[in-house]
Amino acid sequence: MKVLIVFNHPYEGSYCNAILQSVTSGLKIAEHEVDLIHLDRDGFNPVMTANDLNAFRKKMPVDPFVIDYKARLINADHIIFIFPIWWELMPAMMKGFIDKVIFPGIAYDYKDATNTLMKPLLTKLKSITMITTMNTPGWLYALIFGNAIKKAMLLGTFWKMGYNNRKWMSFNRVKMVTPEKREKWLNKLESRFASLN
């Protein structure tokens, strides 16, 4: 299986980077082909410029990164997003990836001229997993903030386009839990993705 990881965290010592290593290790144990889009290392520009917006309307991307990412999305059987939750949502580069790359003519199109109902275009894509970290307790994030990232990404983006197999894994209070618990989470992640099929 071809697994595309879309990763966003600028600090190499972050827990998100540790998650990336565990997920990648598990996928390689299972002999999946791993393709990593590391938005920070790529220097991806998340800003939707006037040229990008015009390209969006024409369904013809002009940003060289978007063109490259398009080819990699088309070939993916599974997409894994890994990023921290900052101020209840994703960092700017991940938001820019959604804005500029999850693009009409790439990830979806409209079913008719009304431009309301969408249909998915990534025909190989079997499933989507979102893995996040945050310091907020999970119950508080759900109760007060309504699981905003789930609504924005898995529902407001991928469900709306018609992608059905969507999962969210959230690691909460990362700075507050013990190193042993963080290590246990990483081991479970590796095992989980070693059994991905």
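This is a predicted model: local features need pLDDT of at least 70, side-chain atom pairs count only at pLDDT 80 or more; totals for chains, interfaces and linings use all residues.
On the α4 side, the contact is made by V66, Y69 and L73, and α5 contributes F97, K100 and V101. Sorted by class, this contact has five nonpolar residues, one charged residue and no polar ones.

The largest nonpolar core has 38 residues, and F97 is listed with V6, L39 and F81 as the members that touch the most others. At least two residues of this core come from each of β1 (2–7), α4, β3 (78–84), α5, β6 (127–133) and α7 (148–161). What is F81 in contact with, leaving aside its neighbours within four places in sequence? The residues are V6, M94, F97, I98, I128, T129, M130, I131, M153 and F158. There is also a second, separate core of 21 residues, which includes V3, F7, I82 and V174.

Now take a look at β3 itself, where seven of its seven residues are buried. H78, I80, I82 and P84 point one way from the strand, while I79, F81 and F83 point the other way.

Finally, see how β3 sits between its partners in pairing. With β1, β3 pairs in the parallel sense over five bridges, and L4 stands opposite I79. With β6, β3 also runs parallel, joined by seven bridges; here I80 stands opposite T129.

Terms used:
Residues are numbered from 1 along each chain as its sequence is written. Side-chain values use heavy atoms; hydrogens and water are left out. Contact means heavy atoms within 4.5 Å. Helices (H or I, at least four residues) and strands (E, at least two) are DSSP runs, numbered from the N terminus. Ala, Val, Leu, Ile, Met, Phe, Trp, Tyr, Cys and Pro count as nonpolar, Asp, Glu, Lys and Arg as charged, and the others, Gly among them, as polar. A nonpolar core is a set of buried Ala, Val, Leu, Ile, Met, Phe, Trp, Tyr and Cys residues joined through side-chain atoms within 4.5 Å. Buried means under 20% relative accessible area, exposed over 50%, partly exposed in between (1.4 Å probe, protein chains only). Two strands pair if DSSP finds at least two bridges between them.
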